[in-house]
Amino acid sequence: MSEISYMEQELHSQPETWREAARLGAAAGPLPEAGQRVAVIGCGTSWFMAQSYAALREAAGQGVTDPFAASEAFLGSDRGYDVVVAITRSGTTTEVLRVLDAVKGRIPTVTIIGDPGTPAMALSERTFALPFADEKSVVQTRFATTALTLLRAHLGEDVSRAVADAEEALAAPVEKEWVDAEQFSFLGTGWTYGLANEAALKMREASQSWTESYPAMEYRHGPIAIAAPGRVTWLFGQTPDGLEADVVRTGARFVRHDRDPLADLVLVQRVALERARARGLDPDNPRSLTRSVMLEAPAVS
């Protein structure tokens with residue numbers, strides 16, 4: 001593994017790519033309008049960004065927004081969706097292409113994509129390309145967070161604090177206790193639950209770590225039983241009453257920061273990278289993973 005990996009270079013570029021996404025998201029574009037009923041799909045990391053976007057859009061009062069793993073997307077006409085938003089870095093993921101093809105001519109689609117010129121472009125009615133956020137590492141960092149920043153800006157959020165907090169997260173120390181921890185549980189509420197899912201996935205992909213993720217209020221309904229000394233419970237967003245004290249009593253380390261939760265995900269990406277290095281792993285080429293899952297050669301009509 002090279003001393004500076006693609007993952008490291010890409011995750012450190014996020015403040016820059018977020019600024020560009022904020023500019024694009026604030027302008028008129030093909031993303032859903034307020035009041036439309038939206039289904040948003042993705043696979044893996046993109047599905048978790050879909051979860052966060054759906055929660056943010058509904059909280060902003062902009063309309064029903066349902067997130068689906070592309071392989072489990074229920075998009076029958078009785079659901080009345082006005083638009084399907086697909087998030088895909090590669091534009092070649094089979095499950096996403098199948099959904100785009102299945103709804104073509106029936107439900108308008110808009111795809112947020114990292115690699116223009118790929119099959120998803122031809123299957124989508126409209127596209128929003130983010131080539132400046134595309135990546136060489138198999139492990140996604142900046143594309144996912146840049147896509148979510150784009151969507152946050154389109155919802156009317158001022159993401160300048162998130163950008164500043166990401167810069168701070170890139171300079172923050174990565175504690176040795178985090179690098180050495182036996183296990184991580186990531187928690188979130190509302191839109192940050194998607195971030196918790198993504199944080200756990202990053203740890204699994206990059207460093208083969210034992211990680212889990214839950215809605216924060218669900219953690220005490222069983223999963224807290226695994227909390228123990230040498231393990232970490234990391235919360236994104238606001239702390240439910242009493243949760244920190246309950247975790248501390250187990251001997252586990254409770255972690256929460258005041259920065260924007262998406263910026264806190266950047267710190268988790270750095271922790272995953274350092275855990276990979278400590279274990280002699282290549283974070284750019286994780287075991288059993290490829291940049292895109294293609295179950296069949298994509299067919300484009």
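This is a predicted model: local features need pLDDT of at least 70, side-chain atom pairs count only at pLDDT 80 or more; totals for chains, interfaces and linings use all residues.
Helices here are DSSP runs of H or I with at least four residues, strands are runs of E with at least two, and both are numbered from the N terminus. On that count, the chain holds 11 helices and nine strands.

Residues are numbered from 1 along each chain as its sequence is written, and side-chain values use heavy atoms, with hydrogens and water left out.

Let's start with the whole chain. Its C-alpha trace spans about 55 × 45 × 35 Å along the principal axes. The radius of gyration, taken over C-alpha atoms, is compared with a globule rule of 2.2 Å times the number of residues to the power 0.38. For 301 residues a compact globule would come out near 19 Å, and the chain has 19 Å, so the two agree. Buried means under 20% relative accessible area, exposed over 50%, and partly exposed in between, with a 1.4 Å probe and protein chains only. By that cut-off, 57% of the 301 residues are buried. Contact means heavy atoms within 4.5 Å. Among contacts between residues at least 6 apart in sequence, 73% join residues at least 24 apart.

How many residues of helix 9 are buried? The count is 14 of 16, so helix 9 is largely enclosed by the rest of the structure. The expected span of a helix is 1.5 Å times one less than its number of residues. Helix 9 covers residues 192–207 and should span 22 Å, which agrees with the 22 Å between its end C-alpha atoms.

Helix 6, residues 142–154, reaches 18 Å from first C-alpha to last, close to the 18 Å expected for its 13 residues. Helix 6 is mostly covered too, with 12 of its 13 residues buried; among them are Arg-142, Phe-143, Leu-150 and Arg-152. Just after helix 6, Gly-156 has a positive phi of about 100°.

My last stop is Gly-35, in the loop between helix 2 (14–26) and strand 1 (38–42). Is Gly-35 buried or exposed? Its relative accessible area is 58%, so Gly-35 is exposed. Leaving aside residues up to four places away in sequence, Gly-35 touches Arg-57, Gln-62 and Asp-82. Gly-61 is 26 residues away along the chain, and its C-alpha atom is separated from that of Gly-35 by 8.2 Å.
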